[in-house]
Amino acid sequence: MNSSPQTAHRASWRSLPAAQQPAWPDGELLREVTDGLAAAPPLVFAEECDRLRDRLAAVARGKAFVLQGGDCAETFDGSSREVIGRKLRTLLQMAVVLTYGASLPVVKIGRIAGQFAKPRSRPTETRDGLTLPSYRGDAVNAPEFTAEARRPDARRLRRMYDVSAATLNLVRAFATGGFADLHQVQDWNRGFVTDSPARRRYERLADDIERALDFMHACGADPKEVQTAELFASHEGLLLDYEQALTRRDERSGHAYAASGHLLWIGERTRDLDGAHIEYFSRVRNPIAVKLGPGTDPDTVLGYIDRLAPDREPGRLTFIVRMGAEQVRDRLPTLVEKVVAEGAEVAWVCDPMHGNTYQTAGGHKTRDFDAILAEVRGFFEVHQALGTHAGGIHVELTGDDVTECVGGGAPIGVDDLPLRYESACDPRLNHAQSLDLAFLVAEMMRERESA
C-alpha cells in the first residue's frame, strides 16, 4: 500500500455533517497526530481485506456463517496478552461449535484492535451538579469523572494505533502458533461441557464434534486449517479523522482501503445517508457493515446499497440487525424482502445485544441472556420463512468471568451484577455465557437442518 496521505483518499466527507465526532480542543495537535498516522505503516493490508470480502460473499450466498464478537469498548489497559488470549479462546471455542451446528465454514471476526471509541446518546454527563463531556472511549478521553480526564486528547488516537498494532501482532501469532489448533479448542470445549450446569444438554453435540475430529485424524486428514485459524479484525468506523489518516491506496489496484481494520461498520447513530460516514465508506474498498435498528426505513436500506455497493458485489455489504427480541419478527421481514427484490446479495447478521439492553434499579446497564437467545431465534425464523440465509451473529463478549449480563447456564442474577462489572461501556456476555449461546444456537441450527 502507498502510505502517502495526499494520494490515499480524497476527504470528500469533510464537507458533510459528521455525527458523533469529539470536540477536539486543540486543532493543531489533532493535525500533528493525524499527519503522523498518515505516515505510519498500515494496520491491515488490502489483500487481507479482499480475502474477507470473498469470505463474506460466501455468507451472502448462503455458503458460510459469520461469528463476530468481542468487547463493547476496548481499553488501553485491557489489551494485555492474557486478556486478548482469553477473548480469542472464547471466539475459537464458539466457532468450532457453530461450524458443526451450521455445517458451514464460520468466518471469525473480532471486535478487536480498533474498538476504542463509542458513540454516546448525550454529549455531556452531569453528576452532583457538575457537567462534563461524556466518556467516548479510550481513543478520545478517560472514564474518570474529572475535567482533565474527560477533555478530548488527540494524542490518544496515536495510542489507539499503537495498541491496535500490538493487538494485531498477538492475534496473528495466536492464530498460527498452535493456540488455534482445533483439537486443543475441542479439549477446551469438553472442559466447559463437563463443568456446565447444562452438561446433559451439550454433551451430545460435544461428542459429535469429537467423533468428527477423531475420524479426520484416523483418515490422516489433518490439514493446515485444523491447526491454524483465519481471524479478521473489525471495529465501528466512528472517528473519521483517524480513519482518514489511516486510509491507504493499494498499489496493485489503485483502490483506497481503510487500513485500520479488515471490516468496519457504520453504527445506528451515524448511518445518515447524507452524512459524512456514508460518504467516507463509499470511497474505500473494505467490506463494510451497517447497523440497522427497529426504526430503519426499507427505502433507506436500499439507499445504503446504492451508496455503498452500487455494483451489487457480494461480500461488500453486510447488514447487522439489532431489532430487539420483541420486534425482530415484525421489523426484519420487510427489510429482507426489499433487498431480495432489489437483487442485491448482502450478508445478514444478527446483533442480539443492543436491542435488549435495560437499566436495573441499582443503575447497572444489563442484558438478559434469554432475550438475547430469543432475538437470535426470531432472526433465524424470519430468514427460514423467507427462504433467505441467516448469515451470522454479532456479540459483545469477553473471555473473562464478569457479571454484566443476567441469566445463562450458570445464571447470574441482578444482585450479582456489582460483583465483577468491568465493562467500559455496555454489558458483555462472559466466557460461560458466550459458550452457552454458541451451543444453543448450534442446537437451533441442527434442528432446522433436520426439520
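Rings of Phe, Tyr and Trp (for Trp, the six-membered ring) count as a pair when their centres lie within 6.5 Å. By that rule, a search of the whole structure turns up ten aromatic pairs. Please keep in mind that this is a predicted model.

**Aromatic rings**

- Phe-65 and Phe-380 have ring centres 6.3 Å apart and planes at 20°; planes under 30 degrees apart count as stacked, so this pair is stacked.
- This pair links distant parts of the chain, with Phe-65 in strand β1 (residues 65-70) and Phe-380 in helix α14 (residues 369-386), 315 residues apart.
- Phe-380 also pairs with Phe-379, this time edge-to-face, at 6.0 Å centre to centre and 90° between the planes.
- Together, Phe-65, Phe-379 and Phe-380 make up one aromatic cluster.
- Phe-65 is buried, at a relative accessible area of 1%, and Phe-380 is buried as well, at 6%. Phe-379 is also buried.
- Elsewhere, Arg-446 lies over the face of Tyr-100, at 4.5 Å from the ring centre.

- Five of the five residues of strand β9 (residues 288-292) are buried, so the strand is largely enclosed by the rest of the structure.
- Ile-288, Val-290 and Leu-292 point one way from β9, while Ala-289 and Lys-291 point the other way.
- Strand β8 (residues 263-266) runs parallel to β9 and is joined to it by three bridges, with Leu-264 standing opposite Ile-288.
- A right-handed β-α-β unit is made by β8, helix α11 (residues 276-281) and β9.
- β9 also pairs with strand β10 (residues 317-321), in the parallel sense and over five bridges; here Thr-318 is the bridge partner of Ala-289.
- From β9 the chain crosses through helix α12 (residues 298-308) to β10, in another β-α-β crossover that is right-handed.

**Nonpolar cores**

- In soluble globular proteins, nonpolar side chains tend to be buried together.
- The largest nonpolar core here has 115 residues, and Phe-319 and Trp-348 touch the most other members.
- Helix α4 (residues 81-102) gives this core its largest share, ten residues.
- Leaving aside residues up to four places away in sequence, Phe-319 touches, among others, Val-290, Leu-292, Val-301, Tyr-304, Ile-305 and Trp-348.
- Another core, of 14 residues, lies apart from the largest one; Ala-64, Val-107, Trp-265 and Ala-289 are among its members.

Conventions. Residues numbered from 1 in each chain as written. Predicted model: local features only at pLDDT ≥ 70, side-chain atom pairs only at ≥ 80, totals over all residues. Heavy atoms only, no water. Buried < 20%, exposed > 50% of the residue type's maximum accessible area, 1.4 Å probe, protein only. Helix = DSSP H or I, 4+ residues; strand = E, 2+ residues; numbered from the N terminus. Pairing = 2+ DSSP bridges. Right-handed = clockwise from strand over helix to strand, strands pointing away. Core = buried A, V, L, I, M, F, W, Y, C linked by side-chain atoms within 4.5 Å. Contact = heavy atoms within 4.5 Å. Phe/Tyr/Trp six-rings, centres within 6.5 Å; stacked < 30°, edge-to-face > 60°. Lys NZ or Arg CZ within 6 Å of the ring centre and 35° of its normal.
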